[in-house]
Amino acid sequence: KILNTDNLKYYEGIIREKLKKEFGGDLDVLSVELVPNKVLRAVVVNIIAIDRVTGDITSTTATAK
């Protein structure tokens with residue numbers, strides 16, 4: 001599927017909802033960003049969240065093909 005701005009925002013929303021459903025009140029998602037990488041024909045997923053239990057802020061990056 002072609003990844004345009006609308007599609008990226010749609011998938012960012014899905015990721016936010018999934019994290020909210022899986023982690024409930026234990027995790028607050030601060031940021032979800034999808035960045036297309038045309039060279040790798042993949043999408044880089046960047047997530048920043050805060051753990052409500054510990055107060056730790058975590059940044060995670062993954063590449064999905």
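Is R41 buried or exposed? At 75% relative accessibility, R41 is exposed, where exposed means over 50% relative accessible area, buried under 20% and partly exposed in between, with a 1.4 Å probe and protein chains only. The legends below place R41 and other residues in the fold.

This is a predicted model, in which local features need pLDDT of at least 70 and side-chain atom pairs count only at pLDDT 80 or more, while totals for chains, interfaces and linings use all residues. Residues are numbered from 1 along each chain as its sequence is written, and side-chain values use heavy atoms, with hydrogens and water left out.

**View 1. The whole chain follows the pattern α-β-β-β.**
The protein chain holds 1 helix and 3 strands; helices (H or I, at least four residues) and strands (E, at least two) are DSSP runs, numbered from the N terminus. Along the principal axes, the C-alpha atoms fill a box of roughly 40 × 20 × 15 Å. Of the 65 residues, 20% count as buried. Contacts here are heavy atoms within 4.5 Å; among those between residues at least 6 apart in sequence, 19% join residues at least 24 apart.

**View 2. Three strands form an open sheet in the order β1-β2-β3.**
The pairing in this sheet is antiparallel, and two strands count as paired if DSSP finds at least two bridges between them. β1 (27–37) and β3 (57–64) each have a single partner strand, so one side of each is left without a neighbour in the sheet. From one strand to the next, the twist averages 15 degrees. Between β1 and β2 (residues 42–51), the antiparallel pairing runs over 10 bridges. Helix α1 (residues 5–23) packs on the sheet and touches β1 and β2, with its direction at about 145 degrees to that of β1. Axes for such angles are lines fitted to C-alpha atoms, for helices over the stretch in contact, and the angles run from 0 to 180 degrees between N-to-C directions.

**View 3. N46 sits in strand β2.**
Opposite N46 stands E33. The side chain of N46 also makes a polar contact of 2.9 Å with that of T61. A polar contact is a pair of N or O atoms within 3.5 Å; within protein, one must be able to donate a hydrogen and the other to accept it, and residues adjacent in sequence count only if both atoms are side-chain atoms. Setting aside neighbours within four places in sequence, N46 is in contact with S31, V32, E33, V35, T60 and T61.

**View 4. Seven residues make up the largest nonpolar core.**
Take a look at L8, L19, V32, L34, V43, V45 and I47, the members of this core. A nonpolar core is a set of buried Ala, Val, Leu, Ile, Met, Phe, Trp, Tyr and Cys residues joined through side-chain atoms within 4.5 Å. The elements giving two or more residues to the core are α1, β1 and β2, and β2 gives the most, with 3 residues. Not counting residues up to four places away in sequence, L19 touches G24, V29 and I47.

A search of the whole structure finds 3 salt bridges, each a side-chain nitrogen of Lys or Arg within 4 Å of a carboxyl oxygen of Asp or Glu. K9 is exposed at 54% relative accessibility, whereas E12 is buried at 10%. K18 is partly exposed, at 47%, and E22 is exposed, at 51%.

**View 5. R52 and D28 meet in a salt bridge of 2.8 Å, N to O.**
R52 lies in the loop between β2 and β3 and D28 in strand β1, so the pair ties together parts that are 24 residues apart in sequence. R52 counts as exposed, at 53% relative accessibility, while D28 is partly exposed, at 27%.

**View 6. R41 lies in the loop between β1 and β2.**
Here we return to the residue of the opening question. R41 has a positive phi of about 55 degrees although it is not a glycine. Most residues other than glycine have a negative phi.
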